[in-house]
Amino acid sequence: MKATKIKENIYWVGAVDWNVRNFHGYLTQRGTTYNAYLIIDKKITLIDTVKPIYAGEMIKRISSIIEPSKIDYIVSNHVEMDHSGALPSIMEVAKNAQIIASPKGVKGLKSHYGDFWNYKAVNTGDSINTGELNMSFILTPMVHWPDNMITYVPEEKLLFSNDGLGQHLASSERFDDEFPLDIIMEEAKKYYANIVLPYSRQVKKELEIISGLDLNMIAPSHGIIWRSNINKILDGYKKWSTNNTKEKAIIIYDTMWGSTEIMANAIKEVFDDNGIHTSMRNLENHHMSDIMTELIDAKYICVGSPTLNSTMMPSVAGFLTYMSGLAPIGRKALSFGSYGWGGKTVDDINKYFEKSGFDIILSKKIKYIPDNNDLDTLKSELNDTILK
Ligand code: FEO
């Protein structure tokens, strides 16, 4: 277990989680990393820690550079346990270390681990000199917890950006010029869509602050470190945080006996005929976190379910709950589904759309199996709505 040098006297000492596939509902199909960093200066600093089960791995990497008891500061940019979870283990060996966090971070850490350690709360504009280097702190609340902050080392033009600008991506490589860039960007977009999206307003503020920093490296808390493509990830965040949509439709549905899928195909035909890019996403085969990545810039969100036990299918309810929590805004929405009796499923779907503030352009239910007349009517009504 060796540390990886990322700059003179600065090391990655985190952990690679090759096997995690479910990050509280987010399909992490390429695993992830928990990035911790060690700064060797007159005073020694650890930036963030790792998920608790990887504490031993982190301590071994630290030990490959210095004796862990020599750590003076531990900067906790974020309380969530994938970054603070190894604090109890490292504090066992770095008994004199002071923990640096935002005021809400200090409160959060005390709530998680008790009030046993030496804390120092910092605010935006505060900095700590470690000898040759300075650590300057910037609070970034709600990107994506209230306690979040980022840490900038001006002498090294290095930003420790915590969750922001990260990706769930396990790899042996540490830098963006050592790994296929399209995969890093795909995972960064998925990370944005599934973690950061509700806080786009706060992201814009953070981007303004970052744009004023002199940078040649951004070291997030998950995934690959940016050093050759800093502008590409910052441009990605600028684009994703605008909530601007494209002429693009996503048709998300589940089906029992194929009737709702027949409706989904008819809806697709209309979008195709209008030159609108369309994706079909049967929830039986597509993960909701992948759908969120596509949905980030889709103008039309179409959700269909047959009626099952007087309401929608659980897969559709699960997706709608997940989506509404991630709070995309300003979309045009369509609900649809087949039914046998009752048939209030489309109303239940619409309740989620209303909660999200979507503009509902059409709701369509069809009894049992759609016939050609039903489908022609559906297509004609949707066509009129799109052309309106
Ligand atoms: Fe990667 Fe919000 O923790």
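Visitor: Where does D176 lie?
Guide: D176 sits in the loop between β15 (158-162) and α5 (181-196). Keep in mind that this is a predicted model.

Visitor: Is D176 buried or exposed?
Guide: D176 is buried. Even so, D176 has no salt bridge.

Visitor: Which side chain of opposite charge is nearest to D176, then?
Guide: That is R227, 4.7 Å away.

Visitor: Which backbone nitrogens lie by the side chain of D176?
Guide: One belongs to R227. The backbone nitrogen of R227 is 3.1 Å from a polar atom of the D176 side chain. Another belongs to N229, whose backbone nitrogen lies 2.7 Å from a polar atom of that side chain.

Visitor: Let's move to α5. At what angle do α5 and α9 pack?
Guide: The angle between α5 and helix α9 (residues 288-295) is about 100 degrees. Their axes are 8 Å apart. That angle makes α5 roughly perpendicular to α9.

Visitor: Which residues meet there?
Guide: From α5 come K189, K190, A193 and N194. They meet S289, D290, M292 and T293 in α9.

Visitor: Is α9 mostly covered or mostly open?
Guide: Mostly covered. Of its 8 residues, 6 are buried. Those in α9 are S289, I291, M292, T293, E294 and L295.

Visitor: What do the buried residues of α9 pack against?
Guide: Helices and strands both take part. The helices are α5 and α10 (314-326). The strands are β5 (26-27), β17 (246-253), β18 (277-282) and β19 (298-304).

Visitor: New helix. Which residues of α1 are buried?
Guide: In α1 (residues 55-63), the buried residues are A55, E57, M58, I59, R61 and I62.

Visitor: And what covers the buried residues of α1?
Guide: The cover includes the strands β2 (10-12), β3 (15-17), β7 (37-40) and β8 (44-47). Helix α3 (87-93) is also part of the cover.

Visitor: D48 next. Where does D48 lie, and what is its phi?
Guide: D48 is in the loop between β8 and α1. Its phi is near 60 degrees, which is positive in a residue other than glycine.

Visitor: Is D48 buried or exposed?
Guide: D48 is buried, with a relative accessible area of 2%.

Visitor: What about the phi of Y368?
Guide: Y368 is not a glycine, yet its phi is positive, about 50 degrees. Y368 is found in the loop between β21 (359-367) and α12 (372-387).

Visitor: Which peptide bond is cis, around H144?
Guide: The bond from V143 to H144 is cis, and its omega is near 10 degrees. H144 is in the loop between β13 (134-139) and β14 (149-153).

Visitor: Time to step back. How many helices and strands does the protein have?
Guide: There are 12 helices and 21 strands. The C-alpha atoms fill a box of roughly 80 × 40 × 35 Å along the principal axes.

Visitor: How much of the protein is buried?
Guide: Buried residues account for 59% of the 388 residues.

Visitor: Last one. What share of contacts joins residues at least 24 apart?
Guide: Take the contacts between residues at least 6 apart in sequence. Of these, 72% join residues at least 24 apart.

Terms used. Residues are numbered from 1 along each chain as its sequence is written. This is a predicted model: local features need pLDDT of at least 70, side-chain atom pairs count only at pLDDT 80 or more; totals for chains, interfaces and linings use all residues. Side-chain values use heavy atoms; hydrogens and water are left out. Helices (H or I, at least four residues) and strands (E, at least two) are DSSP runs, numbered from the N terminus. Buried means under 20% relative accessible area, exposed over 50%, partly exposed in between (1.4 Å probe, protein chains only). Lys and Arg count as positive and Asp and Glu as negative; His and the chain ends are not counted. A salt bridge is a side-chain nitrogen of Lys or Arg within 4 Å of a carboxyl oxygen of Asp or Glu. A polar contact is a pair of N or O atoms within 3.5 Å; within protein, one must be able to donate a hydrogen and the other to accept it, and residues adjacent in sequence count only if both atoms are side-chain atoms. Axes are lines fitted to C-alpha atoms, for helices over the stretch in contact, and angles run from 0 to 180 degrees between N-to-C directions. Angles under 35 degrees count as roughly parallel, over 145 as roughly antiparallel, 65 to 115 as roughly perpendicular and the rest as oblique. Contact means heavy atoms within 4.5 Å.
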